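Here is a short briefing on a protein model. Look at the sequence and the 3D view first, then work through the points below.

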Amino acid sequence: MSSDATTATTGAAAGAPVPALDGPAQEAPAHGIGASLSPADARAKTEGTFPYASDLWAEGLLWAAILRSPHPHARILSIDTTAAAEMPGVRAVVTHADVPGEPAYGRTVADRPVFASELVRHHGESIAAVAADHPDTARLAAAAIAVEYEILEPVTDPEKAFAAEPLHPDGNLIRHIPLRFGDEGATGEVVVEGLYRIGRQDPAPIGAEAGLAVPRPDGGVEIYTASTDPHTDRDLAAACFGLPPDQVKVVVTGVPGATGDREDPGFQIPLGLLALRTGCPVKLTATREESFLGHAHRHPTLLRYRHHADAEGRLVKVEAQILLDAGAYADASSESLAAAVSFACGPYVVPHAFVEGWAVRTNNPPSGHVRGEGAMQVCAAYEAQMDKLALKLGLDPAELRLRNVLATGDILPTGQTVTCPAPVAELLAAVRDFPLPALPLDTPEEDWLLPGGPEGAGEPGAVRRGVGYALGMVHMLGAEGADEVSTATVKVQDGVATVLCAAVETGSGFSTLARQIVQEILGLEEVHVASVDTDQPPAGPATHGRHTWVSGGAVERAAKMVRTQLLQPLAHKFGMSTELLQITDGKITSYDGILSMTVAEAMDGKELWATAQCRPHPTEPLDDSGQGDAFVGLAFCAVRAVVDVDIELGSVRVVEMAVAQDVGRILNPAQLNARIEAGITQGVGAALTENLRTARGLIRHPDLTGYALPTSLDAPDIRIVKLVEERDVVAPFGAKPASAVPVVTAPAAVASAVRAATGRPVNRLPIRAQAAVGVPNS
Amino acid sequence: MTLPASLDEAVAALTAMPAAVPVAGGTDLMAAVNKGHLRPAGLVGLGRINEIRGWQYQDGHALLGAGLTHSRMGRPDFAALIPALAAAARAAGPPQIRNAGTLGGNIVTAAPTGDSLPVLAALEADLVVMGPLGTREIPISHLLAGRDLLAPGELVAFVRVPLLHAPQVFLKATGRTGPARATASVAVVLDPARRGVRCAVGAIAPMPLRPLEAEHWIASLVDWDAERGLAPEALTAFGEYVAAACIPDPPGDEQLPPAVLHLRRTVAALARRALGRALS
């Protein structure tokens with residue numbers, strides 16, 4: 001398997017070079033669909049003048065600090081806030097006894113206390129909060145709260161959670177899905193097995209959590225924060241405040257990085273409580289440590305697999321057991337598990353599949369929604385299995401995969417038929433046929449290209465190159481019957497359009513897409529996107545690429561309604577239908593070009609408004625054998641990784657990632673490429689360095705020194721080899737969301753390449769150096 | 001915060017306010033302050049003391065100012081003098097850190113992963129310490145081992161390093177390609193005048209470790225009057241000797257855990273590569 005540095009090019013088919021999508025092949029439009037429009041706030045963000053939540057200020061504001069548990073599992077015997085409350089400058093101290101409404105909250109089930117009352121279930125759980133006139137006073141006061149604990153044995157091994165004492169009244173099993181598809185007795189001629197472990201990736205947003213809560217004269221409160229799901233956050237917060245939802249308003253500030261849920265109610269609710277208590281604005285800026293302790297992580301996962309195939313390498317049966325460590329609270333674990341179980345076989349045709357999945361409670365840090373959750377963990381495992389099968393059958397790994405790939409019309413193990421475009425074979429062929437990168441020259445000038453990097457210890461003689469493949473899939477939009485709806489309003493006045501939609505711009509590019517959609521339909525160049533708050537109708541969470549689809553669809557419909565309102569009187573006047581009129585460059589022209597009028601004239605000082613909703617076709621929950629049409633749409637991607645490994649030190653450098661992705665339709669080429677590159681880089685982080693380590697439930701290094709994100713030197717060359725534009729007929733504009741699937745696929749591809757370079761099994765992510773130390777002289 | 005313009009003023013300021021903490025680049029100190037781990041009663045800023053920002057020559061030694069930044073030490077003119085220290089300085093974190101962080105700060109912080117420390121240990125550098133009672137010199141190993149601590153009012157002013165005019169190598173293994181703390185580092189310096197090879201291993205223990213027996217053994221094999229080359233087997237044996245000295249086998253039948261075994265292999269590979277490069 002291990003390809004020696006001099007023979008590493010053998011895997012490349014000598015096909016003609018595929019042009020990468022670098023240079024513009026044709027004249028790109030300046031605006032509308034297909035334009036590389038840049039975000040309206042790009043300049044302010046680059047120059048550092050964009051106000052994030054941590055930059056907000058209000059007259060007379062107080063500073064909040066949260067007291068967090070130093071233990072992963074303990075009984076609270078007493079909480080004494082007297083000393084803290086008496087400190088000069090302290091204005092309020094709140095604990096579980098001061099929560100006027102619901103004592104607990106949660107996105108799926110309300111199982112998470114606002115403040116721990118009897119038990120703490122994870123390191124960093126909130127116990128009390130303080131508001132004071134100086135951030136240091138608040139922190140010192142929080143530290144002065146005397147909490148007496150009876151330390152309990154933490155449950156940190158998810159395998160032991162089944163038999164352990166319940167950590168929560170709801171029990172330790174959050175969800176179990178036994179997927180049964182086909183004939184259990186089926187067997188293949190070749191069988192491979194494996195046990196895989198995936199670590200705890202953290203979303204590690206560049207801007208840590210921050211917020212400002214301002215009490216209102218009517219007894220309500222406004223919370224300014226970088227929420228990615230403002231309406232849900234508002235409803236959860238209002239329930240805990242004991243207020244009707246319309247008395248709580250969440251105003252979304254700029255989002256400084258989000259690849260998962262952000263600013264979860266765990267930060268917002270204490271903040272709002274303190275503002276209501278003191279009658280003053282209260283601000284909270286989390287430290288990096290608090291950020292790591294407070295937000296949700298990717299589920300650490302344990303996976304056991306057995307693949308059966310026939311002698312030609314066609315899959316016969318897949319058996320798998322998937323165990324997700326949910327941490328102490330349910331959060332989004334149920335959906336992560338559904339994705340993990342449903343995609344446990346990957347984008348391959350599998351006639352028989354038996355997959356058991358569990359999500360269990362432990363005293364480890366809480367897990368939740370992080371881009372590509374569930375799908376990323378299983379991808380690493382099923383692709384490792386495909387490599388094992390290829391090795392056992394003596395087949396080329398890409399060829400083995402090609403023999404099994406899924407296509408439109410095939411049936412997933414959940415019984416759902418793939419109705420959307422699924423050009424998996426085309427994607428794989430594109431990355432396989434792309435020319436391999438050149439080997440570095442053995443000169444001092446290229447020393448920095450060795451694993452270990454510049455000033456590293458890399459030695460050319462110990463470096464082996466490996467090439468690996470992975471295919472990944474994700475679902476788009478919420479699954480299993482989630483009501484995926486978004487509402488948008490488009491307004492046109494004086495030739496300027498404004499979009500009002502509560503879809504949060506997380507950096508995913510939605511607000512730019514919304515501008516482009518309106519430009520395309522209304523032919524107006526100047527389009528603004530209003531900032532988001534909960535006075536607008538809900539648009540749902542900014543996850544699973546939903547907003548490209550549902551909010552984009554709502555914006556499209558609203559813009560079309562405005563267009564009709566604008567053109568109807570003219571059509572009547574010109575004596576032709578509205579379809580025969582077109583709007584370009586602020587001018588309305590008839591099909592034959594004879595009649596024309598500027599938009600401003602046609603508007604005649606009027607204001608046009610329209611509001612529309614987009615609600616994709618409904619889905620259904622997986623039943624008790626894991627069957628059901630649970631997903632609205634699927635997206636696919638193929639990645640070929642090329643790595644250099646120093647087989648003595650086990651240091652890995654990812655040389656190149658070649659990506660081919662199924663995108664439906666390219667709405668904004670520059671933004672699409674950026675999203676894919678970001679996803680691949682996050683995936684490389686998960687493959688090599690990103691793991692929030694714990695010891696007996698305690699987070700060991702909650703900082704960016706201990707938690708190693710990829711730097712610019714770690715980010716590989718990313719070649720976007722092919723973007724397949726096969727429009728998904730049910731999606732607005734036929735476009736598929738693009739951010740998640742590269743994250744899912746990249747780690748598996750890196751692992752596959754390290755396997756090829758070292759001849760080692762590589763069954764754990766991130767790949768530890770000792771697992772990448774090669775077999776000597778091989 | 002006071003900003004003295006000379007070492008004498010700095011010593012006077014520290015003596016007047018013993019609870020104050022001297023700060024140079026602040027890359028470690030201010031991070032601890034920001035995290036709330038440290039709340040110094042006062043700060044004595046060393047940034048304006050020009051006499052510790054450069055170096056001078058003194059009977060075969062270089063007297064390095066404690067305020068030399070890592071960026072400055074990484075430049076070619078410095079690398080021609082003390083190549084291993086320059087290599088360590090270049091490997092010490094991202095440019096922002098190297099621009100601010102100083103040699104003296106790296107020593108006084110004494111973090112196990114301080115990149116300059118194994119180099120200074122291998123060079124057997126001495127620290128010139130100034131205090132209210134005058135100037136004294138202490139070997140760096142004494143400070144790092146806690147045998148001789150800085151007294152109140154004292155600060156590290158200079159570092160005296162021998163100029164050996166021979167190859168020196170610093171190698172560092174990390175967990176990622178971009179700047180990161182060392183998982184293990186090795187400095188190897190040749191001292192042809194004394195026919196010695198000196199080696200120090202950093203990051204695997206609270207202070208740099210010197211495998212003295214391995215040094216003596218390998219120095220006895222080197223042909224100092226000729227090409228100084230060694231057979232690959234000798235280099236490998238040196239690497240393993242160094243690694244076994246720094247990470248000894250546990251007593252009895254116990255096995256080292258896999259992560260520690262990997263660390264030992266890493267030290268062996270680094271030591272072998274470092275000596276090989278120094279002798280090539």
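Start with one residue, Ala658(A), which sits in strand S27 (residues 651-662) of chain A. The model is predicted.

- Is Ala658(A) buried or exposed? Ala658(A) is buried, because 30 other C-beta atoms lie within 10 Å and 20 or more are enough to count as buried.
- Several of its contacts lie beyond four places in sequence: Val431(A), Phe434(A), Val639(A), Arg640(A), Arg719(A) and Val721(A).
- Take Arg640(A) from that list. In sequence, Arg640(A) and Ala658(A) are 18 residues apart. In space, their C-alpha atoms are 5.0 Å apart.

**Strand S16 of chain A and its partners**

- Strand S16 (residues 315-327) of chain A has 13 residues, and 10 of them are buried, so the rest of the structure largely encloses this strand.
- On one pairing, strand S15 (residues 301-309) of chain A runs antiparallel to S16(A), joined by nine bridges. Tyr305(A) stands opposite Ala320(A) of S16(A).
- S15(A) and S16(A) make a hairpin, with five residues between the two strands. In the turn, Gly313(A) has a positive phi of about 90°.
- Another pairing is parallel: S16(A) meets strand S17 (residues 352-361) of chain A over 10 bridges. Here Glu319(A) has Phe354(A) of S17(A) as its bridge partner.
- What do S16(A), helix H7 (residues 333-342) of chain A and S17(A) make? They make a β-α-β unit, and it is right-handed.

**A three-strand sheet in chain A**

- Three strands form an open sheet in the order S6-S2-S8 (chain A), and the pairing is antiparallel.
- Strand S6 (119-120) and strand S8 (146-151) of chain A are at the edges. Each has a single partner strand, so one side of each has no neighbour in the sheet.
- Strand S2 (residues 74-80) of chain A and S8(A) are joined by six bridges. Arg75(A) has Glu150(A) in S8(A) as its bridge partner.

**Helix H14 of chain A**

- How far does helix H14 (residues 669-688) of chain A reach? From first C-alpha to last, its 20 residues reach 29 Å, close to the 28 Å expected at 1.5 Å a residue.
- H14(A) is mostly covered, with 14 of its 20 residues buried.

**The two domains of chain B**

- Where the domains of chain B touch, 19 residues of domain 1 are in contact with 23 residues of domain 2.
- On the domain 1 side, H5 and helix H8 (116-122) of chain B each give two or more residues. H8(B) gives the most, with five residues.
- By class, that side of domain 1 of chain B has 16 nonpolar, two polar and one charged.

**Where chain B touches chain A**

- The contact takes 24 residues from chain B and 24 residues from chain A.
- Which elements give two or more residues on the chain B side? They are helix H5 (83-90), strand S8 (168-174) and helix H12 (258-279) of chain B.
- H12(B) gives the most to this side, with eight residues.
- The chain B side has 10 nonpolar, seven polar and seven charged residues.

Definitions and conventions:
Residues are numbered from 1 along each chain as its sequence is written. Chains are lettered from A and ligands numbered from 1 in the order in which they are written. This is a predicted model: local features need pLDDT of at least 70, side-chain atom pairs count only at pLDDT 80 or more; totals for chains, interfaces and linings use all residues. Two residues are in contact if their C-beta atoms, placed from the backbone, lie within 7 Å. Helices (H or I, at least four residues) and strands (E, at least two) are DSSP runs, numbered from the N terminus. Ala, Val, Leu, Ile, Met, Phe, Trp, Tyr, Cys and Pro count as nonpolar, Asp, Glu, Lys and Arg as charged, and the others, Gly among them, as polar. The expected span of a helix is 1.5 Å times one less than its number of residues. A residue is buried if 20 or more other C-beta atoms lie within 10 Å of its own, exposed if 12 or fewer, and partly exposed in between; C-beta atoms are placed from the backbone. Two strands pair if DSSP finds at least two bridges between them. A crossover is right-handed if, with the strands pointing away from the viewer, the path from the first strand over the helix to the second runs clockwise.
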